[in-house]
Amino acid sequence: MKRIASLAGVFLVAASVLAGCQSAQEPPKEINLFAWSEYVPQGVIDGFTKETGIKVNYEAYASNEEMLAKLVSGAQKYDLIQPSEYTIEALIKENQLLPVDWSKVPNSKNIGSQFKNLPHDPEHKYSVPWMAGSVGIVVNSEKVTEEIDEYDDVFQEKYSGRIVVLDDPREIVSWALGSIGKGPNDVTPETLEQVKPILAKWLPLVKVYDSDSPKTALLNGDVDIGIVWSGEAAILYNENPKFKYVLPKEGAHQFVDSLAIPANAPNPEGAMAFMDYILRPEVSKLISADFPYTNPNVEAQKRLSPEEKNNPASYPPGDPKLEGFRDIGEQAVQIDKIVTDMKAEG
Ligand code: SPD
């Protein structure tokens, strides 16, 4: 846990105290869900509560590091968290997750085989994929008319003050690594030295850092180009197909965000009931409707409309070069420091 605490260190924040006590005999009739913002439809939460009587307290975060910081602070106990693949990997290494009792999650049969036994959870013991997706370039093609197909194309002087990017140091550094022919997991002190001058050139051009809703600045016309989560790009495309999604030719991050149960969860039974509920095809379909990422539930995918399946950000055509992030241990602290310092310099 010490290593996780250090990874999360830069984001440590005070947390509110869990309200109320539960008696030892009576299972608590609530679960605390700590999940990404703009990812969990209120209708899904309400449907679960209506059916089970279990209240869901949904608290949102905008980065894995923010989630880890609050988790390790211990001020609040969570029944479910929703980390990305590399963070699941780190938490498993540190024995911070409970194994899922699959007999309590029979709808796990709906998870596509390509989303099981991935490197972050090789025995498929701890995690239920929520949504997968990619991180790519969005272009307002009415404003940016030249061809954009690699990271360097985004960070050009002429686009200064017209760029939105995710507020996520690990993602940002992966783009700079890509631009020098390195993979997103080629993180060493040497490669970090190599990306520093690139970031020093790129970051002053950025107008907006936003991991919660990067689509907003594009929709408002505050910016014309950006690097965002695929689900945000899919919503933009639905609003207006002038917003084109481009997966950079150097390669891009393919994330898998999953539900997992922290080792100290007060109500693991309630957590598994929620896991099973969201794996119902008709419920999973509702998540796709609001947040059009790549749905890892094969039965839900069968129920999507042609428009949903043909959205090029949700389900990119062809065979793009995509790669998951791995846990990089202490190097994550360096990445945070490099990006945070450079942003502060302006
Ligand atoms: N609003 C939901 C965003 C989900 C992004 N998950 C991927 C994170 C990888 N760093």
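Where is the place of asparagine 117? Asparagine 117 sits in the loop between strand S4, residues 97-98, and strand S5. I shall return to that residue in a moment. Please keep in mind throughout that what we are looking at is a predicted model.

Let me begin with the ligand. Its shell consists of 14 residues, and the closest are Ser37, Ser84, Tyr86, Glu171 and Asp257. Sorted by class, the shell comprises 6 nonpolar, 4 polar and 4 charged residues. Among the secondary structure elements, strand S10, spanning residues 252-259, contributes the most to this shell, with 3 residues. Both domains take part: at least three shell residues come from each of domain 1 (14-132 + 255-309) and domain 2 (134-253 + 320-345).

Serine 37 contributes through its backbone, where an N or O atom lies 2.7 Å from a nitrogen atom of the ligand. Glutamate 171 contributes through its side chain, with a polar atom 2.8 Å from a nitrogen atom of the ligand. For aspartate 257, an N or O atom in the side chain is 2.6 Å from a nitrogen atom of the ligand. How much of the ligand does the protein bury? Taken alone, the ligand exposes 340 Å², and the protein buries 100% of that.

As general background, nonpolar side chains in soluble globular proteins tend to be buried together.

Next, the backbone. As a rule, most residues other than glycine have a negative phi. Glutamate 38 is not a glycine, yet has a positive phi of about 55°. Glutamate 38 belongs to the loop between strand S1 (30-36) and helix H2 (42-52). Its relative accessible area is 34%, so glutamate 38 is classed as partly exposed. Asparagine 117, with which I opened, likewise is not a glycine and has a positive phi of about 55°. Is asparagine 117 buried, exposed or partly exposed? At 47% relative accessibility, asparagine 117 counts as partly exposed.

A further site of interest is threonine 191, located in helix H7, residues 189-202. Why is threonine 191 classed as it is for accessibility? Threonine 191 counts as buried because its relative accessible area is 6%, and the cut-off for buried is under 20%. The side chain of threonine 191 makes two polar contacts with the backbone. A polar atom of that side chain lies 2.7 Å from the backbone oxygen of aspartate 186. A polar atom of the threonine 191 side chain also lies 2.9 Å from the backbone nitrogen of threonine 188.

Finally, lysine 182. This residue is found in the loop between helix H6 (169-179) and helix H7. With 33% relative accessibility, lysine 182 is partly exposed. How far apart are lysine 182 and leucine 304? They are separated by 122 residues in sequence and by 36 Å in space, C-alpha to C-alpha.

Note on methods:
Residues numbered from 1 in each chain as written. Predicted model: local features only at pLDDT ≥ 70, side-chain atom pairs only at ≥ 80, totals over all residues. Heavy atoms only, no water. Near = heavy atom within 4 Å. Polar contact = N/O pair within 3.5 Å; in protein donor to acceptor, adjacent residues only side chain to side chain. Areas by Shrake-Rupley, 256 points an atom, 1.4 Å probe, with all protein chains shown as cover. Helix = DSSP H or I, 4+ residues; strand = E, 2+ residues; numbered from the N terminus. Nonpolar A, V, L, I, M, F, W, Y, C, P; charged D, E, K, R; others polar. Domains from an automatic or database assignment. Buried < 20%, exposed > 50% of the residue type's maximum accessible area, 1.4 Å probe, protein only.
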